[in-house]
Amino acid sequence: AVDHRACGHGKIILLGEHAVVYGSHAIAAPVPLAVRATAQDTNSGGVDMLIPRWGVEYRLHRDPAHRDSFQRSLGIIFDQLELTERSVRIEVFPNVPRAMGLGGSAAMAVAVIRALDQHYQLGLRDDEINALAFRCEEVAHGSASGIDNTVATYGKLLLYKRAAQKGDAPMMRELKLAKRIPLVIGISGKESLTAVTVGKVRNAWQRNPALYDGIFQQIDGLTLQGVEAMQQYDLERLGDLMNICHGLLNALRVSSWEVEELVQIAREHGALGAKLTGGGGGGSIVALCPQNKEKVAAAMRDAGYQAMEVEIG
Ligand code: MEV
């Protein structure tokens, strides 16, 4: 069981990434990987951030203008909570692989906010934690839809749509399934920053908005069909939708060699559907393979990738 204290969940997106930035629906689910964080008083006279696993250790600069991009994102938390002057040490234990499309940055923001909330007994509600983590995501990649921080905060299988107006609450609906859906996550090992792929898609969209809006609409439509397929436990149909979604993501040019290889491996070993998940450009894929999970995972590992069997819902 996942401990909810000072923890942020990693996630997969089953359908709808990238299009969700432009107002389409997306389906996302937590995975049993989380980032945890602790906060402790010190007498060092500043905010110290430690991520031992990554060999990261820094003193948060009080002046936002002097922070690098990494400090800027998490720094927002301390500015907003007015904790920049405190003498505190935050230790972060990231169990979500970095830059693998699994929501690691949002999970880290949520874990740090929750650690501070507990330590200083701030009494933050989940919606406040989510809103603050969204600010971090916006700094990390300008046009974040807010889906990663929402799953990182609530840890639920969700249908999500961003608010039409900045500042309004997004639409999120928990999807309750009668039966859990088994998936294999293939992790390519090729790090990719969501900021980069989201920026690439934005450039393409700016050159030809009508063309790309058409792709986003198709993704929106198949995501909504995906909700039906999940609720009816029609996995063949869900697999088809995932395959088509991957084709459309490919049209957005957010795939990579490694991602294509993983998708092919999954399909050749009997997956009903396989697609990249999250930002793409590397990162991870999800494969729907109710009958041959072990076979698909083993084939991915044989090809030198990491694989993880999960269930959603
Ligand atoms: C990243 O997990 C999902 C994207 O759609 C970006 C976002 O929604 O912020 C690629």
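A: The buried residues of helix α3 pack against α1 (69-80), α2 (104-119), α4 (147-154) and α5 (194-207); helices (H or I, at least four residues) are DSSP runs, numbered from the N terminus. This is a predicted model, in which local features need pLDDT of at least 70 and side-chain atom pairs count only at pLDDT 80 or more, while totals for chains, interfaces and linings use all residues. Residues are numbered from 1 along each chain as its sequence is written.

Q: Which residues of α3 are buried?

A: A residue is buried if 20 or more other C-beta atoms, placed from the backbone, lie within 10 Å of its own. In α3 these residues are Ile129, Asn130, Leu132, Ala133, Phe134, Cys136, Glu137 and Ala140.

Q: Why does phenylalanine 134 count as buried?

A: Phenylalanine 134 counts as buried because it has 23 C-beta neighbours inside 10 Å. Leaving aside neighbours within four places in sequence, phenylalanine 134 is in contact (C-beta atoms, placed from the backbone, within 7 Å) with Ala144, Gly146 and Asn149.

Q: How many residues does the largest nonpolar core have?

A: In soluble globular proteins, nonpolar side chains tend to be buried together. A nonpolar core is a set of buried Ala, Val, Leu, Ile, Met, Phe, Trp, Tyr and Cys residues joined through C-beta atoms within 7 Å. Here the largest one has 99 residues, and those with the most contacts inside it are Ala28, Ala111, Val112, Ala266 and Ala287. This core draws at least three residues from each of domain 1 (7-174) and domain 2 (181-312), with bounds that come from an automatic or database domain assignment.

Key: Buried ≥ 20, exposed ≤ 12 C-beta atoms within 10 Å, placed from the backbone. Helix = DSSP H or I, 4+ residues; strand = E, 2+ residues; numbered from the N terminus. Contact = placed C-beta atoms within 7 Å.
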